Amino acid sequence: MCGIVGYIGERRAYPILIKGLQRLEYRGYDSAGVALLNHDLTIYKKKGKVSEIADKEELLENVANLGIGHTRWATHGVPNEINAHPHASGSRKIALVHNGIIENYAEIKKELLEKGHTFLGQTDTEVLVHLIEDIKDTEGVDLATAVRLALNEVRGTYAIVVVSKDDPDTLVAAKKGSPLAIGLADGEFFVSSDATPIVEYTKEIVYLEMNKIAVLAKGQALKIVSLDDLEQEIISKTVDISEEALEKGGYDHFMLKEIFEQPKAIRNSMAGRIDGTTITFPELDEVKERLLNAKRIIFTSCGTAWHACLVAEHLFEDFAKIPAEVDYASEFRYRNPIINKDDVVVTISQSGETADTLAAVEIAKQSGALVLSICNVVGSSIPRHSDATIYTYAGPEISVASTKAFSTQLTTVSLLALFIAQEKKTIEKSELEKMVLELVSMPEKVEKVLETKDEVKRIAEKYSYAEDAIYLGRNYNFPIALEGAIKLKEISYIHAEGYPAAEMKHGPIALIDDQMPVIMINPMGQLYEKTVSNMQEVKARGGRLITIVSENDEIASALSEDVIRIPESSEFASTILATIPLQLLSYYMAILKGRDVDKPRNLAKSVTVE
Ligand code: BG6
């Protein structure tokens with residue numbers, strides 16, 4: 001999730017672009033850049049924050065009143081100056097900024113290389129600007145037409161803004177899947193990923209729809225066409241909300257925004273990896289043999305990511321048939337673990353900077369094991385020190401409590417375990433296909449779970465008196481019970497414990513009374529009836545059962561004081577669905593307790609010290 005801006009009008013573009021990018025910096029801060037068009041096309045970009053390209057003497061003197069800008073959240077290609085946007089075409093006459101992922105960029109790149117194009121970086125975006133120029137030159141068309149024809153060839157998501165030396169009075173923007181807003185003012189246009197940078201200039205905003213291209217020409221009205229060149233009606237809105245609120249997309253907190261971004265984040269984490277029911281991980285090509293022949297897989301991480309490791313342990317033994325074990329990275333790094341060369345160590349980390357997990361990577365590397373990392377921040381330390389990395393593409397996660405990063409971690413480890421099963425043929429093909437399609441259906445099912453928010457809010461109000469809570473689950477959902485408990489602890493400061501439901505009678509059952517909320521995770525699955533017996537043990541001690549059940553459940557829900565229903569799914573996939581109401585419950589409990597949800601006390605988004 002990057003931030004993109006554009007301006008065309010009578011004012012100097014540079015200061016407007018820089019201010020806009022500073023407003024959008026919450027979307028990504030790996031690198032920043034601008035392109036200014038005033039007869040010549042000046043491109044200036046740097047690794048790091050927007051401050052790296054702000055207040056540049058030579059740019060402050062540039063009188064260009066047409067330009068584009070970008071603040072990056074790296075997906076393809078590590079954060080550096082080469083991979084920073086704007087990207088230029090071969091002749092350096094066209095420049096483009098992009099937010100999204102071009103899924104078929106490798107194919108297009110191959111064709112353009114055969115035509116003699118040369119590429120400077122590793123990004124998917126650079127391929128698109130070369131394609132636009134290629135079409136412009138071969139078809140002899142203007143910029144808007146070249147952009148439209150090029151976009152008919154790409155698969156994936158994008159919001160782009162493009163400028164061309166040969167079209168000095170035009171800015172072209174387009175959208176598919178990534179947000180794009182256009183500000184209408186007298187004799188000028190403002191373009192941005194959201195209205196935050198625009199509302200100080202104009203409140204009249206056009207939100208570009210899917211598969212549409214906007215042509216913003218000096219002295220002319222805004223023109224919008226479809227991919228097949230049909231002119232579209234211009235529908236603008238008056239946007240009158242604070243910039244701070246806009247950054248949160250209208251949500252009160254980044255945490256709630258990120259909870260509601262999960263359908264998209266999960267879709268992104270699978271993008272380009274599933275073709276029909278066949279799974280591909282091109283980033284594993286070089287290490288595939290070692291991965292498939294692993295004698296043992298050791299998962300190690302911290303915090304919420306460690307819970308994803310516990311789910312992965314089930315998945316890899318269940319589907320990939322590889323012995324798996326899990327360790328806290330902070331323990332792993334000092335317990336002198338026995339690691340062999342034919343072991344694979346998998347670390348999971350949202351930030352890629354957690355010190356204990358990074359140390360675990362070093363230890364694993366020294367032992368000669370293959371080190372694979374699953375991470376959300378491209379180019380961060382852990383990926384840089386690993387043999388291979390799978391990125392989760394959740395986008396920047398601002399709130400300290402991890403939500404969308406966790407559900408994309410669950411999606412990614414599920415996909416990886418099924419990939420190994422596919423390659424090693426450890427499960428029936430028809431079974432495998434069913435499970436791949438189940439994952440593909442997750443974004444939609446998560447949308448449905450998010451509709452339970454009001455019910456979850458009601459339950460939070462009912463139990464907001466609580467000072468303690470117990471979370472119980474079995475098998476795949478024991479780690480989800482742990483995740484529910486950590487979420488409540490992290491942001492509401494209510495003491496909470498997660499336990500395997502059957503383990504409860506060996507201790508925690510002593511805590512149960514008619515004040516203790518017991519959050520039970522019991523969707524349909526292998527241990528449904530066994531878990532119902534555990535629920536009866538809680539009920540027998542007067543415990544107050546709040547149960548997450550499958551939508552058509554009858555038995556467990558009849559035993560419970562409150563239920564939250566999630567769509568039917570197989571057990572492994574229910575981990576993703578059951579996590580969502582637990583995130584919402586902790587969020588509403590924290591709100592009721594008046595906590596600082598996005599910046600809870602004593603916690604940091606990434607602990608880079610031991
Ligand atoms: C903590 C965060 O500091 O680190 C948690 O507050 C997170 O949300 C944990 O799960 C591990 O971080 P990472 O970035 O390695 O996944």
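**Close-up views of the predicted model**

**View 1. D55 sits in the loop between β3 and α2 (57–60).** Helices are DSSP runs of H or I with at least four residues and strands are runs of E with at least two, numbered from the N terminus. The phi angle of D55 is near 55°, a positive value in a residue other than glycine. Most residues other than glycine have a negative phi, and most peptide bonds are trans. The model is predicted, and local features need pLDDT of at least 70, side-chain atom pairs count only at pLDDT 80 or more, and totals for chains, interfaces and linings use all residues. Residues are numbered from 1 along each chain as its sequence is written, and side-chain values use heavy atoms, with hydrogens and water left out.

**View 2. The peptide bond between H85 and P86 is cis.** Its omega is about 5°. P86 belongs to the loop that runs between β4 and β5.

**View 3. An open sheet of 8 antiparallel strands has the order β3-β2-β4-β1-β10-β9-β11-β14.** Two strands pair if DSSP finds at least two bridges between them. β3 (40–47) and β14 (237–238) each have a single partner strand and stand at the edges, so one side of each lacks a neighbour in the sheet.

View 4. Strand β12 (residues 212–217) runs antiparallel to β13 and is joined to it by 4 bridges. The bridge partner of A214 is I224 in β13.

**View 5. Helices α14 (residues 404–424) and α21 (residues 571–592) have axes that come within 10 Å.** The two axes cross at roughly 175°. The helices are therefore roughly antiparallel, the term for angles over 145 degrees. From α14, the residues F406, S407, L410, T411, S414 and L418 meet F572, T575, I576 and T579 of α21. By class, this contact of α14 with α21 has 5 nonpolar, 5 polar and no charged residues. Nonpolar covers Ala, Val, Leu, Ile, Met, Phe, Trp, Tyr, Cys and Pro, charged covers Asp, Glu, Lys and Arg, and the others, Gly among them, are polar.

**View 6. Helix α15 (residues 429–440) and α21 cross at roughly 10°.** The axes of α15 and α21 come within 10 Å. That makes α15 roughly parallel to α21, a term used for angles under 35 degrees. M435, E438 and L439 of α15 form the contact with F572, A573 and I576 of α21. The contact of α15 with α21 has 5 nonpolar, no polar and 1 charged residues.

**View 7. The largest cavity has a volume of about 80 Å³.** A cavity is a set of points on a 1 Å grid over the protein atoms alone where a 1.4 Å probe fits but cannot get out, and lining residues have an atom within 4 Å of a point. Points are joined across faces, edges and corners, and a volume is the space filled by probe spheres set on them. The whole structure holds 3 cavities of 30 Å³ or more. The lining of the largest cavity consists of R474, N477, I521, N522, P523, M524, G525, Q526, L527, Y528, T531 and E571. These residues divide into 5 nonpolar, 5 polar and 2 charged.

**View 8. The second largest cavity has a volume of about 60 Å³.** V5, G6, I16, G20, F190, V191, P197, I198 and Y201 line this second largest cavity. At least two residues of the lining come from each of β1 (3–8), α1 (13–23) and β10 (188–192). By class, the lining has 7 nonpolar, 2 polar and no charged residues.

Terms used:
Axes fitted to C-alpha atoms, helices over the stretch in contact; angles between N-to-C directions. Parallel < 35°, antiparallel > 145°, perpendicular 65-115°, else oblique. Contact = heavy atoms within 4.5 Å. 1 Å grid on protein atoms, 1.4 Å probe; cavity = no way out; pocket = protein on both sides within 12 Å on 5 of 7 lines; lining within 4 Å.
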